[in-house]
Amino acid sequence: APALVMLFTCISMKKKPSAIQFLALLCAMSGVFIMATGGNVGSLSISAKALFWGLLGGLTYAIYTIQSPTLSSKCGVLHILGWGNLIGSITSFGVFIKGCQLAGSVTGSLCACVEPLSSAIISYLWLGTQLRTTDMIGLILIVATVVIITLDKGKVK
């Protein structure tokens with residue numbers, strides 16, 4: 001999703017991503033790639049079905065991230081949440097949409113890369129899933145994404 005959001009934003013605004021945005025995207029994509037392949041470029045650590053749903057989820061997430069600031073400005077965050085998530089977590093999506101409105105779609109999507117980190121930690125703690133070295137490297141790269149954005153001190157829009 002962050003790559004698609006960045007690509008769309010760069011094309012629509014006719015400008016290149018900043019060095020910080022590009023570095024953050026590289027860290028995020030590298031981390032997810034390492035976790036999905038186990039560090040072996042020729043294989044996947046996930047099923048083809050999981051890859052399909054992950055890619056489809058990334059596409060729909062990118063669309064949601066790009067469209068939500070514009071829609072929330074026109075319709076309001078609560079209307080979007082009401083129709084888009086009739087039964088859902090109003091607080092988390094509301095905060096996300098407002099964050100994208102304030103910080104921009106690219107920053108919002110890059111920061112959302114922390115989700116695999118929280119999923120991995122929860123699956124380790126509650127489900128007993130064993131994390132491999134490659135998983136840890138991927139998680140570190142994902143955390144580096146957020147650190148890079150934070151160190152940029154709000155310059156990424």
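**Exercise 1. Find which residues of helix H7 are exposed and which are buried, and decide how they are arranged.**

Step 1. Work on the predicted model. Start with the outward side: Leu125 and Trp126 of H7 are exposed there.

Step 2. Turn to the other side. Leu117, Ala120 and Ser123 are the buried residues of H7. Viewed down the helix axis, the buried residues sit within an arc of 135°, so they line one face of H7.

Step 3. Ask what lies over that face. Helix H8, residues 133-151, is among the elements that cover the buried residues of H7.

**Exercise 2. Check whether the length of H7 agrees with its number of residues.**

Step 1. Count the residues. H7 runs over residues 115-127, which is 13 residues.

Step 2. At 1.5 Å a residue, the helix should span 18 Å.

**Exercise 3. Describe what follows H7, taking Gly128 and Leu131 in turn.**

Step 1. Take Gly128. This glycine comes after H7, and its phi is positive, near 75°. Gly128 belongs to the loop between H7 and H8.

Step 2. The relative accessible area of Gly128 is 44%, so the residue counts as partly exposed. The limits that matter here are under 20% for buried and over 50% for exposed.

Step 3. Gly54 is 74 residues away along the chain, and the two C-alpha atoms are separated by 23 Å.

Step 4. Move on to Leu131. This leucine is also in the loop between H7 and H8. Its relative accessibility is 27%, so Leu131 is partly exposed.

Step 5. List its partners. With neighbours within four places in sequence set aside, Leu131 is in contact with Ala120, Tyr124, Met136 and Leu139. One of these, Ala120, is a buried residue of H7.

Step 6. Ala28 lies 103 residues away in sequence, with 18 Å between the C-alpha atoms.

**Exercise 4. Locate the salt bridge and compare the exposure of its two residues.**

Step 1. Side chains of opposite charge can pair when their charged atoms come close.

Step 2. Name the pair. Arg132 and Asp135 meet through their side chains, at 3.0 Å from N to O. This distance is within the 4 Å cut-off for a salt bridge.

Step 3. Classify each residue. Asp135 has 8% relative accessibility and so counts as buried. Arg132 has a relative accessible area of 39%, so it is partly exposed.

**Exercise 5. Characterise the chain as a whole, from its helices to its surface.**

Step 1. Count the elements. There are 8 helices and 0 strands. Along the sequence the pattern reads α-α-α-α-α-α-α-α.

Step 2. Along the principal axes, the C-alpha atoms fill a box of roughly 45 × 40 × 25 Å.

Step 3. Look at the contacts. Among those with a separation of 6 or more, 70% join residues 24 or more positions apart.

Step 4. Finish with burial and surface. Buried residues make up 31% of the 157. The chain exposes about 9,900 Å², and 74% of that area comes from carbon and sulfur atoms.

Methods
Residues are numbered from 1 along each chain as its sequence is written. This is a predicted model: local features need pLDDT of at least 70, side-chain atom pairs count only at pLDDT 80 or more; totals for chains, interfaces and linings use all residues. Side-chain values use heavy atoms; hydrogens and water are left out. Helices (H or I, at least four residues) and strands (E, at least two) are DSSP runs, numbered from the N terminus. The expected span of a helix is 1.5 Å times one less than its number of residues. Buried means under 20% relative accessible area, exposed over 50%, partly exposed in between (1.4 Å probe, protein chains only). The arc is that of the directions from the helix axis to the C-beta atoms. Contact means heavy atoms within 4.5 Å. Accessible areas come from the Shrake-Rupley method with a 1.4 Å probe; for residues, only the protein chains shown count as cover.
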